[in-house]
Amino acid sequence: MPFASWDVVALALMAGIAWLLLVLEDWRSLLISLAALEAALGSALLAVWGPTLVVMHLLAGWLAAAMLGLGQTMHRRKHPAPRPLTGRVVRGLAGVLTLALVFSVGPVLARAWPTVPEAVRWAAAATALLGLMQTAWSRHPLRLSIGLLTVLAGFAPLFAWQHADLLTTGWLAGFQLLLAWSGSYLLHQTAVGEEAL
């Protein structure tokens, strides 16, 4: 399926925002970036899904970000001390190495998903791997939830290019909301909200 130039930009934005989520510290910036990731994903999915399915998926993603924001807002009581810059630099460099790894395994991705366009394979794999790195980097419920939602955003284009139906979209949207609800619940039930992200 041929790409418009905006589709490629949206896919590149997905990987870039997933990398940015590794580096950011402020929870508000994390949630705004998650909402931007969902918007970029929606723009990329317009190439294969109709506008109705894309809007449904986009609203579910934004609702998931809002649920996490609500859970974090209800739990915040004090401002944590700022963390040193070195941790952000290390996470950023690890993200760059992850992107390099994705480009080096292009032939493997082509064998795994031969019907999916090359740009989609790369952007999806990069976004999913950066999300996995996000989940491995912290035990904070907000970061874990954002990491899992990023992994799901990475796999969504791969599903979309193979299954463009309402049932698949509904399952993906429901799973997004379930992850966000779980993260919001953990934020509310634990005292980790005061810890640094």
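This is a predicted model: local features need pLDDT of at least 70, side-chain atom pairs count only at pLDDT 80 or more; totals for chains, interfaces and linings use all residues.
**Group meeting talk: a tour of an all-helix model**

First, the overall picture. The protein chain has eight helices and zero strands. If you read along the sequence, the pattern is simply α-α-α-α-α-α-α-α. The chain has 197 residues, and 48% of them count as buried. Take the contacts between residues at least 6 apart in sequence: 79% of those join residues at least 24 apart.

Now, how do two of these helices meet? Have a look at helix α4, residues 85-104, and helix α6, residues 118-137. They pack at an angle of about 145°, and their axes are 9 Å apart. The crossing of α4 past α6 is right-handed. On the α4 side, the contact residues include Val90, Ala94, Thr98 and Phe103, while α6 brings, among others, Trp122, Ala126, Leu130 and Met133. Sorted by type, the residues of this contact are 13 nonpolar, two polar and one charged.

That brings us back to tryptophan 122. How many aromatic pairs does a search of the whole structure find? It finds two. In one of them, the ring centres of phenylalanine 103 and tryptophan 122 are 4.7 Å apart and the ring planes stand at 75°, so this pair is edge-to-face. Phenylalanine 103 belongs to helix α4 and tryptophan 122 to helix α6, so the pair ties together parts that are 19 residues apart in sequence.

The other pair is tryptophan 181 with tyrosine 185. Here the centres lie 5.6 Å apart and the planes are at 20°, so the rings are stacked. Both residues sit in helix α8, residues 166-189, and they are four residues apart, about one turn of the helix.

Let's move to the inside. In soluble globular proteins, nonpolar side chains tend to be buried together. In our model, the largest nonpolar core has 38 residues. Which members touch the most others? They are Met14, Leu34, Leu37, Trp49, Leu68, Leu142 and Ile146. Helices α1, α2, α3, α6, α7 and α8 each give at least two residues to this core. The largest share, nine residues, comes from α2. There is also a second, separate core of six residues, and Ala18, Ala94, Leu130 and Met133 are included in it.

Setting aside residues up to four places away in sequence, leucine 37 touches Met14, Ile17, Leu21, Thr127, Thr150 and Ala153. Leucine 21 has a relative accessible area of 0%, so it is buried. Beyond its neighbours within four places in sequence, leucine 21 is in contact with Leu30, Ser33, Leu34, Leu37, Gln134, Arg143, Ile146 and Thr150. Leucine 21 and leucine 37 are 16 residues apart along the chain, and their C-alpha atoms are separated by 9.5 Å.

Key
Residues are numbered from 1 along each chain as its sequence is written. Side-chain values use heavy atoms; hydrogens and water are left out. Axes are lines fitted to C-alpha atoms, for helices over the stretch in contact, and angles run from 0 to 180 degrees between N-to-C directions. A crossing is left-handed if the near helix is turned anticlockwise from the far one by less than a right angle, and right-handed if clockwise. Contact means heavy atoms within 4.5 Å. Ala, Val, Leu, Ile, Met, Phe, Trp, Tyr, Cys and Pro count as nonpolar, Asp, Glu, Lys and Arg as charged, and the others, Gly among them, as polar. Rings of Phe, Tyr and Trp (its six-membered ring) pair if their centres lie within 6.5 Å; planes under 30 degrees apart count as stacked, over 60 as edge-to-face and the rest as tilted. A nonpolar core is a set of buried Ala, Val, Leu, Ile, Met, Phe, Trp, Tyr and Cys residues joined through side-chain atoms within 4.5 Å. Buried means under 20% relative accessible area, exposed over 50%, partly exposed in between (1.4 Å probe, protein chains only).
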